[in-house]
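Here is a short report for a reader meeting this structure for the first time.

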There are 6 protein chains.
Amino acid sequence: MIKVVYPGTFDPITKGHEDVVHRAAGLFGEVVVAVAASRVNTLFNLEERVAMAREVFANQPKVRVEGFDGLLMSFVQAQNSRVVLRGLRAVSDFEYEFQLAGMNRNLYPEMETLFLTPAEKYTFISATMVREVARFGGDVSKFVSPNVVEKLQQKFIKKL
Amino acid sequence: MIKVVYPGTFDPITKGHEDVVHRAAGLFGEVVVAVAASRVNTLFNLEERVAMAREVFANQPKVRVEGFDGLLMSFVQAQNSRVVLRGLRAVSDFEYEFQLAGMNRNLYPEMETLFLTPAEKYTFISATMVREVARFGGDVSKFVSPNVVEKLQQKFIKKL
Amino acid sequence: MIKVVYPGTFDPITKGHEDVVHRAAGLFGEVVVAVAASRVNTLFNLEERVAMAREVFANQPKVRVEGFDGLLMSFVQAQNSRVVLRGLRAVSDFEYEFQLAGMNRNLYPEMETLFLTPAEKYTFISATMVREVARFGGDVSKFVSPNVVEKLQQKFIKKL
Amino acid sequence: MIKVVYPGTFDPITKGHEDVVHRAAGLFGEVVVAVAASRVNTLFNLEERVAMAREVFANQPKVRVEGFDGLLMSFVQAQNSRVVLRGLRAVSDFEYEFQLAGMNRNLYPEMETLFLTPAEKYTFISATMVREVARFGGDVSKFVSPNVVEKLQQKFIKKL
Amino acid sequence: MIKVVYPGTFDPITKGHEDVVHRAAGLFGEVVVAVAASRVNTLFNLEERVAMAREVFANQPKVRVEGFDGLLMSFVQAQNSRVVLRGLRAVSDFEYEFQLAGMNRNLYPEMETLFLTPAEKYTFISATMVREVARFGGDVSKFVSPNVVEKLQQKFIKKL
Amino acid sequence: MIKVVYPGTFDPITKGHEDVVHRAAGLFGEVVVAVAASRVNTLFNLEERVAMAREVFANQPKVRVEGFDGLLMSFVQAQNSRVVLRGLRAVSDFEYEFQLAGMNRNLYPEMETLFLTPAEKYTFISATMVREVARFGGDVSKFVSPNVVEKLQQKFIKKL
């Protein structure tokens with residue numbers, strides 16, 4: 001049984017992320033969605049980002065959501081895994097991922113990074129643009145799950 | 001008659017932007033240069049950026065400059081347009097624009113995004129580099145119009 | 001009224017091409033689909049490629065299909081147009097198109113090239129892969145119109 | 001147990017390919033190296049390419065080498081697999097693979113494509129360049145296994 | 001004194017190539033333009049390509065034009081050089097050059113590859129497009145030197 | 001004798017940077033490592049970054065390290081040089097460098113920008129990722145020199 005760790009900021013989790021997780025859950029024994037604490041400002045704090053992702057995957061027995069701080073690879077080892085899963089949407093993703101995979105491979109030769117591409121209908125979704133559209137009251141229900149739509153609305157109403 | 005909206009931060013407007021607008025004005029009935037309010041720090045505030053662009057296109061009857069805040073697509077609709085115009089210079093532009101066009105198409109299926117490339121002699125000009133060169137007293141008169149040169153000089157003299 | 005010329009090899013025309021043409025027909029006065037004679041081997045000859053495209057757009061009064069040999073820009077002028085339309089799907093498309101637009105702009109300064117991106121569900125379709133799948137009897141009905149499916153079947157049955 | 005199919009032309013198999021296969025064999029239950037018949041001219045014919053790859057992986061119990069003609073996905077199904085493995089080295093790889101994965105996903109929704117990156121010391125190796133260097137008597141022993149070095153020498157001596 | 005070798009097919013030599021050579025001649029002690037024999041079909045044969053390049057640089061004492069067959073690096077060594085010069089215009093150039101430089105560095109650790117970018121007004125020129133335009137009688141005098149214009153005209157008149 | 005200026009933020013200097021400098025020192029008469037004052041937050045201040053780089057190249061008679069503030073090209077002129085050296089690792093590097101080289105060429109036509117690629121084993125190293133790994137106590141001794149390892153440790157212990 002292969003256990004994979006799918007790390008990200010998930011600020012918030014989008015249908016593109018969900019698609020990658022569902023595909024991975026269909027292939028592997030367990031998918032750990034690893035929500036990274038972030039030193040740059042996020043719209044949602046770590047607890048909120050973990051909570052939203054947990055709601056999204058509540059009915060997926062093979063998916064577990066955890067927050068983490070520190071080095072990704074230490075977290076992966078602590079999970080008794082040696083496989084990192086990453087989604088690729090665009091060339092710029094690819095270059096960054098390639099550098100990250102190279103650096104991790106040097107630090108932890110036993111670790112592997114596997115890549116999946118989301119379905120083409122999700123390739124244009126980015127969490128940054130979701131936040132931008134929601135900020136101005138645009139409809140983001142095609143890009144994120146209903147619980148995330150609600151949290152975005154609360155966030156931006158509170159901010160007004 | 002096709003009315004196109006050309007959005008951007010224009011901090012400040014460069015000869016590359018001007019080239020795209022002139023080409024568009026030669027093709028379409030009206031070009032609305034839409035200067036976006038920005039939540040990240042800009043060198044010039046929205047009023048200054050709108051004013052500079054208006055000076056640049058003062059003698060172009062088919063070009064109108066407006067500031068806007070909020071969702072681009074709401075602004076486009078308020079202008080009775082359904083065509084967004086974007087300039088493409090580099091691969092990284094292309095990827096970002098592709099995501100943006102995809103997201104807008106999902107939110108507003110009746111909207112279209114058209115792309116133009118600036119003349120090759122302008123492909124290397126970026127507003128970021130113009131600000132950088134001007135900050136240290138470099139000569140930017142090849143990259144921006146005379147009124148923008150002047151505003152950059154005032155800005156950086158004031159800051160000293 | 002703006003008349004645009006949409007050139008390509010169309011070996012065969014795909015639903016990605018159709019999407020670009022339909023979007024363009026919604027914006028512009030006339031779209032001329034310009035099927036290029038090719039010096040490299042094509043699966044379908046020029047007459048077949050023109051005929052397939054004409055069937056696809058038979059009910060589109062604003063779309064006209066023509067074959068051409070020689071310089072694209074001479075054909076565009078002969079059509080009393082000065083706008084070339086191109087579809088962009090990927091970074092490699094972008095670079096090639098950028099070179100082509102630059103060269104054409106130098107030869108014919110009055111010509112403009114406009115770019116559209118196809119809907120994301122068509123971004124992965126390439127005529128090359130359609131031919132490849134059809135060659136081995138795969139189902140290409142999601143990627144090309146029914147008349148093209150039929151022509152592909154005839155071509156590969158004949159070849160067996 | 002996950003069985004993955006790693007397709008390619010392997011004309012000839014390089015140390016970059018070997019690295020991907022070894023990594024995959026460390027993760028998955030079985031790796032089927034699928035050597036594609038090719039309609040374009042190859043240096044080695046299908047039998048030679050299969051034979052070289054079999055020699056390379058002779059001591060790898062989890063690796064099997066097979067030739068195939070026709071649609072990749074039919075071959076994958078015939079192998080009772082639903083996972084295609086691909087190596088990514090460069091941006092141009094990425095774009096092609098992205099299109100291929102999109103097309104396959106539409107034809108066979110149950111199929112998944114996973115990507116691995118080779119170790120950075122192999123990223124610059126391409127079979128095309130290996131053939132080019134060998135053709136002129138250059139030393140390719142850093143790029144391919146000894147049995148492949150020998151076959152390349154025989155091929156080019158024969159051709160002289 | 002640094003002697004650099006600038007290799008290519010030069011089918012034919014363009015003003016973009018000339019720009020790279022002139023810049024290099026301004027920096028280095030000697031520039032050897034190395035015209036490669038090619039196994040794919042070229043429009044001009046090796047003698048013609050060497051002759052055209054020699055005419056172009058006839059008045060440049062620091063530039064020498066030589067044809068070569070075989071491994072580039074053997075030629076570079078035979079010239080008592082250890083520096084290869086390459087021009088970069090586009091991302092796809094970059095990736096190919098990166099692979100080539102990596103492979104050469106493994107074969108010949110003492111060799112270096114230096115890159116220059118041509119002036120932006122030449123970035124869109126490719127020899128392939130020059131041949132294409134000339135084939136149909138288009139004006140290529142902005143892209144190649146007068147002697148090359150003439151040779152292109154003779155070639156295509158002869159072919160008619 | 002060619003004197004080249006190799007500018008960067010060097011926050012901190014990595015083995016990738018060192019590789020570029022060593023290659024350049026093997027080719028050119030003098031390499032000036034130009035450490036840029038930065039308006040964005042750096043981990044190390046300008047004095048620290050200059051000091052670390054000086055330690056790294058202490059035994060390299062052809063390498064000199066200097067800090068600079070203001071326009072790069074003014075610094076290059078003040079050094080009596082007219083050649084800027086840049087390292088290229090990835091496509092995104094390439095695009096940025098291309099714009100920068102274009103802008104500099106317009107401002108200072110006599111200046112040239114030369115590019116080198118680091119050895120492939122260093123292509124994945126970025127100063128950003130080095131800081132990230134060190135921040136969480138990861139081992140960065142494969143990516144930076146011993147003196148830089150020590151400074152990173154002091155910095156992050158101080159910060160705790």
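K155(C) counts as buried, at 13% relative accessibility. This is a predicted model. The partner of K155(C) is E48(C): the two form a salt bridge, with the closest N and O atoms 3.1 Å apart. E48(C) sits in helix α2 (residues 46–56) of chain C and K155(C) in helix α6 (residues 146–159), so the bridge ties together parts that are 107 residues apart in sequence. E48(C) is partly exposed, with a relative accessible area of 27%.

**Salt bridges**

The whole structure holds 60 salt bridges over all chains. Three of them are set out here.

| Pair | Closest N and O atoms |
|---|---|
| E48(C) and K155(C) | 3.1 Å |
| R131(A) and D11(A) | 3.5 Å |
| R23(E) and D19(E) | 2.9 Å |

R131(A) forms a salt bridge with D11(A). R131(A) belongs to helix α5 (residues 127–135) of chain A, and D11(A) to the loop between β1 (3–8) and α1 (15–27), so this pair links parts that are 120 residues apart in sequence. Both R131(A) and D11(A) are buried.

The pair in chain E stays within one helix. R23(E) and D19(E) both lie in helix α1 (residues 15–27) of chain E, four residues apart, about one turn of the helix. R23(E) is buried at 12% relative accessibility, and D19(E) is buried at 13%. Elsewhere, salt bridges with shared partners join K3(A), E30(A), R54(A), R64(A) and E66(A) into one network.

**A charge without a bridge**

E18(B) lies in helix α1 (residues 15–27) of chain B. E18(B) is buried yet has no salt bridge. The nearest side chain of opposite charge, K15(B), is 6.7 Å away, and a salt bridge needs a distance within 4 Å. Leaving aside residues up to four places away in sequence, E18(B) touches V56(B), F57(B) and S145(B).

**Chain A as a whole**

Chain A has six helices and five strands. Along the sequence they follow the pattern β-α-β-α-β-α-β-α-β-α-α. The radius of gyration of chain A is 16 Å, close to the 15 Å of the globule rule for 160 residues, so chain A is as compact as a globular protein of that length. Of its 160 residues, 64% count as buried. Chain A exposes about 6500 Å², and carbon and sulfur atoms supply 50% of that area.

**Chains A and D**

A rotation of 180° with 0.0 Å of shift along its axis superposes chain A on chain D, with an RMSD of 0.0 Å. The two copies are thus related as by a two-fold rotation axis. The same surface serves both copies: 100% of the contact residues of chain A recur in chain D. Which residue of chain A comes closest to the rotation axis? It is F115(A), with its C-alpha at 2.4 Å.

Methods: Residues numbered from 1 in each chain as written. Chains lettered and ligands numbered in written order. Predicted model: local features only at pLDDT ≥ 70, side-chain atom pairs only at ≥ 80, totals over all residues. Heavy atoms only, no water. Least-squares fit on C-alpha atoms with pLDDT ≥ 70 in both. Contact = heavy atoms within 4.5 Å. Helix = DSSP H or I, 4+ residues; strand = E, 2+ residues; numbered from the N terminus. Buried < 20%, exposed > 50% of the residue type's maximum accessible area, 1.4 Å probe, protein only. Lys, Arg positive; Asp, Glu negative; His and termini not counted. Rg over C-alpha atoms; globule rule 2.2 N^0.38 Å. Areas by Shrake-Rupley, 256 points an atom, 1.4 Å probe, with all protein chains shown as cover.
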